[in-house]
Amino acid sequence: MKVNIFKTASEIGEAVARIFVDEVKANPDCVLGLATGATPIPTYECIKKMHKDENISFKGVKTYNLDEYCDLPKSDKNSYYTFMHEQLFNGLDILEENVHFLDGNAVDCDAECKRYDNEINEAGGIDIQLLGIGNNAHIGFNEPAESFTDGSFKVKLTDSTIEANKIYFDENPMPHYALTMGVKQIMAAKKIILIATGPKKAEAIKNMVKGEVTPLVPASVLQEHNDVLIFLDEAAASLLD
Ligand code: PGA
């Protein structure tokens, strides 16, 4: 893991966006794994700006999002489908048929997860996977558990995750289940970029970087991947030496 520490979230956004845009320039048909949450927003802002200023087309790019809530209409303001369109896709020339999500409303979740995993494999796997990290060190919605997960699956969200995200749900209650890519699948990405900002992430970052590899700290598995870049602000890095 290579750890990069920046002063501000917007500097991180610029550095990470540069890596994604350079990938799209070099490989216009690349496959990107994308994340939601507050953390990637500055990166998405910079990707949209670079797309426009540098005239980089995303028409050949395919994206796969990490996770999606269950039992929330796709059109809900809090669905990750809506988030991604508002924060990124509507500002790019990416084709709607090339953006992919797990369907959290699928009647048969197991079949839906298999469909998603097969599609990613058929696309040739993920070239760059973007990750945030939960206060409990989850990646995607892989919560602390007894063992590392494999492919996509339906997960019951932990109290910590519900506590951290319920602020976004003012009208309807926050869903307690989601579909998420699994840990093994995330680890299959050729390159992984994890961003963490703010003091609430410091403990998870310390455990991820310095602790033992354990499914109780899901992000610790990234120690075993050979191409991981970690981008932190000073607050998130504050418990590292
Ligand atoms: P956040 O979420 O970016 O909103 O902090 C990150 C995550 O839970 O993975």
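Reader: Which residue of β6 does Gly 33 stand opposite?

Author: Strands are DSSP runs of E with at least two residues, while helices are runs of H or I with at least four residues, both numbered from the N terminus, and two strands pair if DSSP finds at least two bridges between them. In this structure, Gly 33 stands opposite Gln 129 in β6, and strand β2 (residues 31-34) pairs with strand β6 (residues 128-131) in the parallel sense over two bridges. The model is a predicted one, in which local features need pLDDT of at least 70 and side-chain atom pairs count only at pLDDT 80 or more, whereas totals for chains, interfaces and linings use all residues. Residues are numbered from 1 along each chain as its sequence is written, and side-chain values use heavy atoms, with hydrogens and water left out.

Reader: What is the order of the strands in the open sheet of seven strands, and which are the edge strands?

Author: The order is β1-β10-β9-β6-β2-β3-β5, with parallel pairing, and the edge strands are β1 (2-6) and β5, each of which pairs on one side only. Helix α1 (residues 9-26) packs on this sheet, where contact means heavy atoms within 4.5 Å, and α1 touches β1, β2, β6, β9 (191-196) and β10 (228-233). The direction of α1 makes about 155° with that of β10, an angle taken between N-to-C directions on a scale from 0 to 180 degrees, with axes fitted as lines to C-alpha atoms, for helices over the stretch in contact. Helix α7 (residues 202-210) also packs on the sheet, touching β1, β9 and β10, and its direction makes about 150° with that of β9.

Reader: Which residues of α4 are buried, and which exposed residues does the face turned away from them carry?

Author: Buried means under 20% relative accessible area, exposed over 50%, and partly exposed in between, with a 1.4 Å probe and protein chains only. In α4, Cys 109, Glu 112, Cys 113, Tyr 116, Asp 117 and Ile 120 are buried. They cover an arc of only 130° around the axis, judged by the directions from the helix axis to the C-beta atoms, which puts them on the same side of α4. The face turned away from that buried side carries the exposed residues Asp 110, Lys 114, Asn 121 and Glu 122. Among the elements that cover the buried residues are β3 (62-65), β7 (153-156) and α6 (183-187).

Reader: Which strand does β7 join, and over how many bridges?

Author: Four bridges join β7 to β8, and the two run antiparallel, with Lys 156 opposite Tyr 177 in β8.
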